[in-house]
Each structure stands twice: as C-alpha cells, then as structure tokens.
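Notebook open, structure on screen.

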Amino acid sequence: MEHKTRSELRVIIMTILYQINVYQKNKMKYDVDVVIKEVAKVDNEFVKDIVYGVITYQKELDDLANQYLEGWRIDRLGNTDKAILEMGLYELMYTNTPSVVCINEAIELAKLYSDDSVRKMINATLDKVLKEKENGR
C-alpha cells in the first residue's frame, strides 16, 4: 500500500462522510466500516478515527456549526460542504491537530470541492469557532 499524506486521507474521509450524509438524508441503513472499506480501500487509523469521531459527535458539531453559520443551517449545505465543515470542526475541537492545520486543510478541500461562497462560509465558521475555543469557551 502506498503511503498517503494526511491531506490525501482527508479527501478520502470527506468522500466517506459525503456517502454517510447521503445515507442519513435518505434514511438508509449503512455500516460505517463497510462505507470506509468501499471508499478508502486502505485500512488507516487516521481515517477511522476522524470518520467515527465525526459520526459520534455529529449532533454537537452540527449545533456548533449552526451557531456560526450566519443565516444558514448546516443541513442546507451540500453533502460535500457539510462533510468538509464537520471534519474541520471535529479536528479543531476533538483532536490534537494544530488549529491552523485543521482550518487550512478544510479550506483547501473547500477550494477544490465547494463554490466560493461556501468556501468563505466554511472559513468564517471555523475561524469563529477557533476564536471561541481560544477564549476558553
């Protein structure tokens, strides 16, 4: 198995979360491990940790996003945009990944997969959450 960078792994994670969002919206049953295997085709702890983390804390992440998405709600975002934002928020709040890396990675994904207005929204939301976190909320 060739070694993938964390940035490449985040594209895989985004795709997995996208797929799970589709299943959730359509109220379809799914097995997280099966979705991971189908998309990732690699056994990777980082991928599993982030995917399971986002699913575990999805309600908290979505509530957090909704606090800062001005005039929007996270469930109005497209599946890809929602996946990027949830992953960025999860990494920011629940992992040891440096904050600047969490935000930059999410923005890089949004540049590739989201339109400009959504990229700005994701950026603004993550920035506001980071400021709150740094202020010890």
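On the helix 1 side I find Arg10, Ile13, Met14, Leu17, Tyr18, Asn21, Val22, Gln24 and Lys25, and they meet Asn79, Thr80, Lys82, Ala83, Ile84, Glu86, Met87 and Glu91 of helix 5. Contact here means heavy atoms within 4.5 Å; helices are DSSP runs (H or I, at least four residues), numbered from the N terminus.

Ground rules for myself: this is a predicted model, where local features need pLDDT of at least 70 and side-chain atom pairs count only at pLDDT 80 or more, while totals for chains, interfaces and linings use all residues. Residues are numbered from 1 along each chain as its sequence is written, and side-chain values use heavy atoms, with hydrogens and water left out.

Next, the geometry of that pair. The axes of helix 1 and helix 5 lie 8 Å apart, at an angle of about 120 degrees; axes are lines fitted to C-alpha atoms, for helices over the stretch in contact, and angles run from 0 to 180 degrees between N-to-C directions. So I log the two helices as oblique to each other (roughly parallel is under 35 degrees, roughly antiparallel over 145, roughly perpendicular 65 to 115, and oblique the rest).

Then I clicked on asparagine 79, which sits in helix 5. Its relative accessible area is 16%, so asparagine 79 is buried (buried is under 20%, exposed over 50%, partly exposed in between, with a 1.4 Å probe and protein chains only). Its side chain makes a polar contact of 3.1 Å with the side chain of lysine 25. For a polar contact I need a pair of N or O atoms within 3.5 Å; within protein, one must be able to donate a hydrogen and the other to accept it, and residues adjacent in sequence count only if both atoms are side-chain atoms. Leaving aside neighbours within four places in sequence, asparagine 79 also touches Tyr18, Asn21 and Val22, among others.

Threonine 97 was next, in the loop between helix 5 and helix 6. Threonine 97 counts as buried because its relative accessibility is 13%. Its side chain joins that of threonine 95 through a polar contact of 3.2 Å.

Last stop: is glutamate 70 buried or exposed? Glutamate 70 is exposed, at 62% relative accessible area, and its place is in the loop between helix 4 and helix 5. I also noted 8.3 Å between the C-alpha atoms of glutamate 70 and methionine 121, which are 51 residues apart along the chain.
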